[in-house]
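Below is a short briefing on a predicted model.

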Amino acid sequence: MEFVELTAEEFGAFVCAQEKIHFQQTVEMGELQKRLGHQPLYFGIKAADNLIGAMLVILTKVKFGYLASAHGNPYFSESLDANRFFIKALAKKLRQMSAIKLVIHSNENIACFDDRWENVGSCEDVVTGFYQAIGLTPAVLSDFEQGFQYNYEKDLTDFASYEEVSRSFKKKAKQSIKKARDFGIEIVELPYERLAEFKAVVDEAGDRRQFATRSLSYYQSAYLAYQDKIKFLAAELNFSKYLTQVTSEYQAKLAEVNQLEAELSVKSSEKKQNRLEDIKTYQLASLKKRQAEVAVLVETFG
């Protein structure tokens, strides 16, 4: 076996051939970290001149040297002995580069939930035993550190379209989506030039919900590093377009009222009478209120 330092191109080619790729173990992640002032390093292990394992390690300057960290899931070999050799050689190399500690932040499932957010079982912890077997020890995290280590993800594998995905949401989420669409809210992909707007919205949410946010340079660096593999999305409401839509809806409801009143004058119907009262009492009032609210927004912001 041979421990080797890889070029970004060599690492990228190896990653592309993997069945499971983690975005934090990619050349793009290395480019992002370089833009942020850190040093990305690519290491691998070869057997019979074939690359069988690889890892992106980030060097960050600290007080007495460097902290070496690997995020996501490094690409280990199927051979435990090869992985032991990899970690031992990597530790030696990093010590020569004045690294004080190597920390691997692995990303593994710890629990699974169904679409009703009911726990369908915890996942087996295979990570701790694996890392201990190759020469690493578990880090002791505080409750605070554990809190922001969690990621939540939705598996989209079995969905062929957005419509299928939306049907799997909870009732409250479906109602929220319908309400947003009724209000004319649209999802847009922001270009590089609008990342400052993205940051402003995230900062406002951070202040409201007490979480730390990133700098504008971080978002810009991520955009440039990942290119077509990253999207910055925003929800937008065009006030003028929304006012036109609400006004149109209001006129349509007035027309429906006139139609129902004409039909009821000819023949009584409890169902139609209830429909008429609902429109007059609730729907027209709601639309009138929304008209007034958005008219102010159009006057203020255009």
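Val4 has Gly44 in β2 as its bridge partner. This model is predicted: local features need pLDDT of at least 70, side-chain atom pairs count only at pLDDT 80 or more, and totals for chains, interfaces and linings use all residues. Residues are numbered from 1 along each chain as its sequence is written, and side-chain values use heavy atoms, with hydrogens and water left out.

**Sheet**
- β1 and β2 (residues 39-47) pair in the antiparallel sense over five bridges; strands are DSSP runs of E, at least two residues, and helices are runs of H or I, at least four, numbered from the N terminus.
- The open sheet has five strands in the order β1-β2-β3-β4-β5, with mixed pairing; two strands pair if DSSP finds at least two bridges between them.
- β1 (2-6) and β5 (99-105) are the edge strands, each pairing on one side only.
- Neighbouring strands of this sheet are turned by 30° against each other on average, direction ignored; axes are lines fitted to C-alpha atoms, for helices over the stretch in contact, and angles run from 0 to 180 degrees between N-to-C directions.

**Helices**
- Helix α1 (residues 8-16) packs on the sheet and touches β1, β2 and β3 (50-62), where contact means heavy atoms within 4.5 Å.
- The direction of α1 makes about 125° with that of β3.
- Helix α2 (residues 27-35) lies across β2 and β3 and runs at about 150° to β2.

**Strand β6**
- Phe113 is placed in strand β6 (residues 111-113).
- Phe113 counts as partly exposed because its relative accessibility is 37%; partly exposed lies between buried (under 20% relative accessible area) and exposed (over 50%), with a 1.4 Å probe and protein chains only.
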